[in-house]
Amino acid sequence: MEILLKGLNVDTLYLIGGFTDVCVHYTAVDAHQHDYHFKVVTDACGGSSVEAHNYALKAMQYLQRDALITVADVESAL
């Protein structure tokens, strides 16, 4: 994946999916460690519980300020 992203000159990843506290969170951490910006589309994710979802969002926000966005934010940017 790293080779593909670098080859396409990608610098920002938009993350959505199930289990905010597992898959999305670990993907965000990997992206951060490989010097990518990431945006988590908060209303296009779901956690294993509401509490776990919220804690994962806080952790990702801690990694990168302005990382949390909504579907409406994505739509308005198009």
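**Exercise 1. Find the salt bridge between Lys 6 and Glu 2 and describe its setting.**

Solution. 
- Start with the pair. The side chains of Lys 6 and Glu 2 form a salt bridge, at 3.9 Å from N to O.
- Check the rule. A salt bridge needs a side-chain nitrogen of Lys or Arg within 4 Å of a carboxyl oxygen of Asp or Glu.
- Place the residues. Both Lys 6 and Glu 2 sit in helix α1 (residues 2-7), four residues apart, about one turn of the helix.
- Recall how elements are assigned. Helices (H or I, at least four residues) and strands (E, at least two) are DSSP runs, numbered from the N terminus.
- Lys 6 is partly exposed, at 42% relative accessible area. Glu 2 is partly exposed too, at 32%.
- Buried means under 20% relative accessible area, exposed over 50%, and partly exposed in between (1.4 Å probe, protein chains only).
- Search the whole structure. One salt bridge is found.

Two notes on the source. The model is predicted: local features need pLDDT of at least 70, side-chain atom pairs count only at pLDDT 80 or more, and totals for chains, interfaces and linings use all residues. Residues are numbered from 1 along each chain as its sequence is written, and side-chain values use heavy atoms, with hydrogens and water left out.

**Exercise 2. Describe the largest nonpolar core.**

Solution. 
- Define it. A nonpolar core is a set of buried Ala, Val, Leu, Ile, Met, Phe, Trp, Tyr and Cys residues joined through side-chain atoms within 4.5 Å.
- Count it. The largest core has 14 residues. Those with the most contacts inside it are Leu 13, Leu 15, Val 24, Phe 38, Val 40 and Met 60.
- Name the elements. β1 (12-18), α2 (20-33), β2 (37-46) and α3 (50-63) each give two or more residues to this core.
- Zoom in on Leu 15. Beyond neighbours within four places in sequence, its contacts (heavy atoms within 4.5 Å) include Val 24, Ala 28, Phe 38 and Val 40.

**Exercise 3. Is His 53 buried or exposed, and what does it touch?**

Solution. 
- Locate His 53. It lies in helix α3.
- Read the area. His 53 is buried, because its relative accessible area is 12%.
- List the partners. Not counting residues up to four places away in sequence, His 53 touches Thr 20, Thr 42, Cys 45, Gly 46 and Gly 47.

**Exercise 4. How many helices and strands does the chain have, and in what order do the elements run?**

Solution. 
- Count. There are four helices and three strands.
- Order them. From the N terminus on, the elements run α-β-α-β-α-β-α.
- Buried residues make up 29% of the 78 residues.
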